[in-house]
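I opened my notebook to look at one chain.

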Amino acid sequence: MMIRKGEKIRSFADLEDKVIGVVVGTTAEQNIKQFAPRAIVKSVRTYKELYNLLKEDKVDVISSDAAILRGFEMDDKEVILLNGRYTKEYYGIATRKDEESESLRNEVNDILNNLNASNFFIMMGKTWVSD
């Protein structure tokens, strides 16, 4: 979750009756309804719109993937990405199942396997993801 500097929100417990911005159809939208059922959810279509809700003081907090919020935080020192992970969600890479895509799929899998074997993902997590 991301807040403006000076906000008192630190966890889901602080979200009661707060306005939370999310992108429609995302897991963030579902998670807020589950973890903060008394919060007021304001859904928008794009991440730019989501960020603007926070900047324009139209919501108290925004919720999204940490990677997306981290990008906003890197460009704006007036916002804070709250520590802590509330859910564990995975990313995926999709390719077609046909024979034409087999070489691409194999190359992607080889790259991912090599990165995994070299502990690249662990190092990146320690560098860029706070607990």
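How many helices and how many strands are there in the chain? I looked at a predicted model, and I found five helices and five strands in the chain. I then read their order from the N terminus: β-β-α-β-α-β-α-β-α-α. Next I checked how spread out the chain is. Its radius of gyration is 18 Å, well over the 14 Å that the globule rule gives for 131 residues, so the chain is more spread out than a compact globule. I also noted the span of the C-alpha trace, about 50 × 30 × 25 Å along its principal axes.

**Surface and contacts**

I looked up burial. Of the 131 residues in the chain, 30% are buried. The accessible surface is about 9,100 Å². Carbon and sulfur atoms hold 52% of that surface. Residues 24 or more positions apart account for 51% of them.

**Charges**

I counted 20 positive and 22 negative side chains. The centres of the two sets lie 5 Å apart. Side chains of opposite charge can pair when their charged atoms come close. How many salt bridges does the count come to? I got seven salt bridges.

**Arg38 and its partners**

I picked Arg38 next. Glu16 and Arg38 meet in a salt bridge, 3.4 Å from N to O. This pair links distant parts of the chain, 22 residues apart. Glu16 is in the loop between strand E1 (2–4) and strand E2 (19–23). Arg38 is in the loop between helix H1 (27–35) and strand E3 (40–44).

Arg38 also forms a salt bridge with Asp17, at 3.5 Å from N to O. Asp17 lies in the loop between E1 and E2 and Arg38 in the loop between H1 and E3, so this pair ties together parts that are 21 residues apart in sequence.

Are these side chains buried or exposed? I checked each residue. Arg38 has 51% relative accessibility, so it counts as exposed. Glu16, at 46%, counts as partly exposed. Asp17, at 45%, counts as partly exposed.

**Arg4 and Glu7**

My last stop was Arg4. Arg4 forms a salt bridge with Glu7, and their closest N and O atoms are 2.7 Å apart. I looked up the accessibility of both residues. The cut-off for buried is under 20% relative accessible area. Arg4 has 15% relative accessibility, so it counts as buried. Glu7 has 19%, so it counts as buried. I also noted that salt bridges with shared partners join Arg4, Glu7 and Asp57 into one network.

Key:
Residues numbered from 1 in each chain as written. Predicted model: local features only at pLDDT ≥ 70, side-chain atom pairs only at ≥ 80, totals over all residues. Heavy atoms only, no water. Helix = DSSP H or I, 4+ residues; strand = E, 2+ residues; numbered from the N terminus. Rg over C-alpha atoms; globule rule 2.2 N^0.38 Å. Buried < 20%, exposed > 50% of the residue type's maximum accessible area, 1.4 Å probe, protein only. Contact = heavy atoms within 4.5 Å. Areas by Shrake-Rupley, 256 points an atom, 1.4 Å probe, with all protein chains shown as cover. Lys, Arg positive; Asp, Glu negative; His and termini not counted. Charge placed at Lys NZ, Arg CZ, Asp CG, Glu CD. Salt bridge = Lys/Arg side-chain N within 4 Å of Asp/Glu carboxyl O.
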